[in-house]
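Have a look at the model first.

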Amino acid sequence: MITTTADVQSQASISQSDSQLWTEDITIQYGDHIISRNLSVKIPHKSFTVIVGPNACGKSTLLRALSNLIKPTAGHVLLDGKNISTYKSKEVARQLGLLPQSSTAPDGITVANLVAHGRYPYQNLVRQWTDKDEEAVLSAMQVTNTTELSERFVDEPSGGQRQRVWIAMVLAQQTPLMLLDEPTTFLDIVHQIELLELFKGLNQQGNTLIAVLHDLNHAARYANHMIAMKDGQIVAQGDPREIVTEQLVEEVFGLKCTIIEDPIAHTPHIIPLGR
Ligand SMILES: Nc1ncnc2c1ncn2[C@@H]1O[C@H](COP(=O)(O)OP(=O)(O)OP(=O)(O)O)[C@@H](O)[C@H]1O
Ligand SMILES: [Mg+2]
């Protein structure tokens, strides 16, 4: 089932704030292993930014730093001009939702309960579950085509179904910024396109999306801002129609290719030449 514009409109209650995210000269490392040094990246406000780059180049690490999961050892990550580490965790979670590359759910939890976890930033001792929370969960499950799984345990659905459940949890969080690490992994072609169209719709409504994608053609077609990374550094960034070239693909991935124009979207379409 392809997500309709009406379905996307049902996400319209996503709050629109001025959440802006950038880094200033950050160094990110695990122990002594430096992944990125002096990295400054500004996520254009209300963009659909896609990060591309080879395995192990530091894409997930950057997303973790941007979402305050790991603290840079030098420099700062700024959310709305303020060091992200100075916010309370629920304050960050009301601005920014993260879909990690892999997630593990607690045992014995149903799909509906997992998606409901997306509402935790809005709950406290005074404010418990409301109709708005219920609506956010139902809407997120509807647009990700997971409603029929709601009473199943999370470990029962297929890999692709489970991936859509995790995405539903992030959508239920209704944050103006969404960071999505390989959201289309495990999905069949219909669900990949459906999801990318959903993200495009959310972006058109004013949300800022930052996704890591391995499919360069999807990246070039859907992103309005692309960041190409290699060895922890940014090699190029900008409109994919301007930056995706045969030279860039060879420099970043070591892959010889030819580039044609996508006949539908008129964006760069990469054809690998093989060895
Ligand atoms: N928790 C960790 N502890 C130690 N090293 C890590 C950790 N997570 C990642 N790394 C290392 O950091 C480097 C960058 O990893 P990262 O996961 O950011 O790459 P990536 O670009 O997301 O790759 P992929 O496309 O495979 O997902 C790799 O060398 C990896 O081994
Ligand atoms: Mg990764």
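Helices (H or I, at least four residues) and strands (E, at least two) are DSSP runs, numbered from the N terminus. This is a predicted model, in which local features need pLDDT of at least 70, side-chain atom pairs count only at pLDDT 80 or more, and totals for chains, interfaces and linings use all residues. Residues are numbered from 1 along each chain as its sequence is written.

**Positive phi in strands**
- Most residues other than glycine have a negative phi.
- D25 sits in strand β1 (residues 21-30), yet its phi is positive, near 50 degrees.
- With a relative accessible area of 44%, D25 is partly exposed (buried is under 20%, exposed over 50%, partly exposed in between, using a 1.4 Å probe and protein chains only).
- N38, part of strand β2 (residues 33-39), also isn't a glycine and has a positive phi of about 50 degrees.

- Strands β10 (residues 225-230) and β11 (residues 233-238) pair antiparallel over five bridges; pairing takes at least two DSSP bridges.
- K230 is opposite Q233 of β11.
- Two residues separate the strands, and D231 in this hairpin has a positive phi near 50 degrees.

**Helices α5 and α6**
- Helix α5 (residues 131-143) packs on helix α6 (residues 159-172) at about 140 degrees, axes 8 Å apart; axes are lines fitted to C-alpha atoms over the stretch in contact, with angles from 0 to 180 degrees between N-to-C directions.
- Contact (heavy atoms within 4.5 Å) involves A136, V137, A140, M141 and V143 of α5 with A168, L171 and A172 of α6.

Key. Chains lettered and ligands numbered in written order. Heavy atoms only, no water.
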